[in-house]
Amino acid sequence: MKKKKLAGMVLSLSLVAGALAGCNGDSKTSSSGGGSSSSGDTIKIGANLELSGGTASFGQSAADGLQLAIDEINKEGINGKKIEIKTVDNKSDAAEATNGSIKLVSQDKVVAIVGSATSTNTLAQVQVAQDNKIPLLTPTATNPDITNKAGKLNDYVFRTCFIDPFQGTVAANFATDEVKAKTAAIYVDSASDYSKGLAAAFKEAFTKNGGKIVREEAYVTKDTDFRATLTRIKSAKPEFVFLPGYYEEVGLILKQARENGMDIPFMGGDGWDSPKVVEIAGAEALKNTFITNHYSPEDEDKKIQDFVSAFKTKYKKTPDAFAALGYDTGYYLADAIKRAGDPTPENIRKALEDVKDFQLVSGTLNLDENHDPIKSATILEYVDGKQTFKTKIDP
């Protein structure tokens, strides 16, 4: 019964995507790869982000960064036109993300979509983007399958962030080289593509470095009691715990781990990057914890400090990495629109692909053959509940 229902859902989605593609063709959009929404003085782009739900902190930060970039860009415009953002809230849900991208393509006639902030919700949009030939740019989703699955390039899909294998490898090398850990445990969210991707990369790199994984445990998104699995991890006596998850569960896990007497180093990825992790865990529980991230607001680079200053002026808060990548994605897309000339989706796709040495807040942007950026990673340490810049790792 479950297989039949799943097959029916897949068929329904295919029919919807196919119908949209046909609808675009009827609107004289099939040859250009989507509806022209650059009539008059406006170029419409979509933003499909998590503005409510379990990962709203990520989506809202990305939306804030994107809006700041577009506000700056629109002061001069692009080839005499302004960019208009059409926003949908995917509610931190994959089905809503799919529906949102369908709306942006079929009703709003956008030339490109920015989103989502998380891997699962971005993966839910890929087929719609591919079927309708609309560029999809994720600011922060790091799962490799988003741009290339099983050796097949999704040629309309791009990202501004580095991917899970790089982030997981950087964390493993940090555990080996800086912490000098010879044993580690992995605690993964089994419902998260993001978490599983980082865990796999960490495990491969850590064992390649000569380390030993002494325990692997799993939880599920929305769990609140982690004491039993933490006790099993503690009994294995690891010197280091890799915890690639999102801030809501991570905050509770760290709090309960410290209550259980686990004072060993914990490390995660950019999924920790939210002020809420400090609210949930408490500053004390975050001692001796680290994350890989895309940038640090403490970095003295002038481009970074100019962005931090502008963001603080507009939003009265310090921008996290999701805000920085949302901002960078706005500039990456605007640059492609400018170089595209006639801003059709197909021309924009080609311009996105042809980017070279583009200077962004999160680093210099170049793409590999999979549309994945080749960029540096930043290591941050939590000190007194605040992220502090530790080091930057080149690819």
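Throughout these legends, buried means under 20% relative accessible area, exposed means over 50%, and partly exposed lies in between (1.4 Å probe, protein chains only).

The views show a predicted model, in which local features need pLDDT of at least 70 and side-chain atom pairs count only at pLDDT 80 or more, while totals for chains, interfaces and linings use all residues. Residues are numbered from 1 along each chain as its sequence is written, and side-chain values use heavy atoms, with hydrogens and water left out.

**View 1. The whole protein, for orientation.** Twelve helices and 16 strands make up the inventory here; helices (H or I, at least four residues) and strands (E, at least two) are DSSP runs, numbered from the N terminus. Of the 395 residues, 55% count as buried. Taking contact to mean heavy atoms within 4.5 Å, residues 24 or more positions apart account for 69% of the contacts with a separation of 6 or more.

**View 2. An open parallel sheet of five strands.** Follow the strands in the order β2-β1-β3-β4-β7, with parallel pairing. Two strands pair if DSSP finds at least two bridges between them. At the edges stand β2 (82–89) and β7 (157–159); each has a single partner strand, so one side of each is left without a neighbour in the sheet. Further in, β1 (residues 42–49) and β3 (residues 113–114) pair in the parallel sense over two bridges, and G46 stands opposite I113 in β3. Helix α4 (residues 119–132) lies across β1, β3, β4 (136–138) and β7, running at about 160 degrees to β4. For that angle, axes are lines fitted to C-alpha atoms, for helices over the stretch in contact, and angles run from 0 to 180 degrees between N-to-C directions.

View 3. Seven bridges join β8 (residues 183–189) to β9 (residues 212–219) in the parallel sense. Look for Y187, which stands opposite E217 in β9.

View 4. The structure holds 18 aromatic pairs. Rings of Phe, Tyr and Trp (its six-membered ring) pair if their centres lie within 6.5 Å; planes under 30 degrees apart count as stacked, over 60 as edge-to-face and the rest as tilted. Y187 and F226 are edge-to-face, at 6.4 Å centre to centre and 85 degrees between the planes. This pair links distant parts of the chain, with Y187 in strand β8 and F226 in the loop between β9 and α7 (227–235), 39 residues apart. Y187 is buried at 1% relative accessibility, and F226 is buried with a relative accessible area of 1%.

View 5. Ring pairs link Y295, F307, F311, Y315, Y327 and Y331 into a cluster. Within helix α11 (residues 321–340), Y327 and Y331 lie four residues apart, about one turn of the helix. Y331 is partly exposed, at 24% relative accessibility. D64, in helix α2 (residues 56–74), is buried at 8% relative accessibility. Leaving aside neighbours within four places in sequence, D64 is in contact with F311, Y315 and K317. The C-alpha atoms of D64 and A323 are separated by 6.2 Å, although these residues are 259 apart along the chain.
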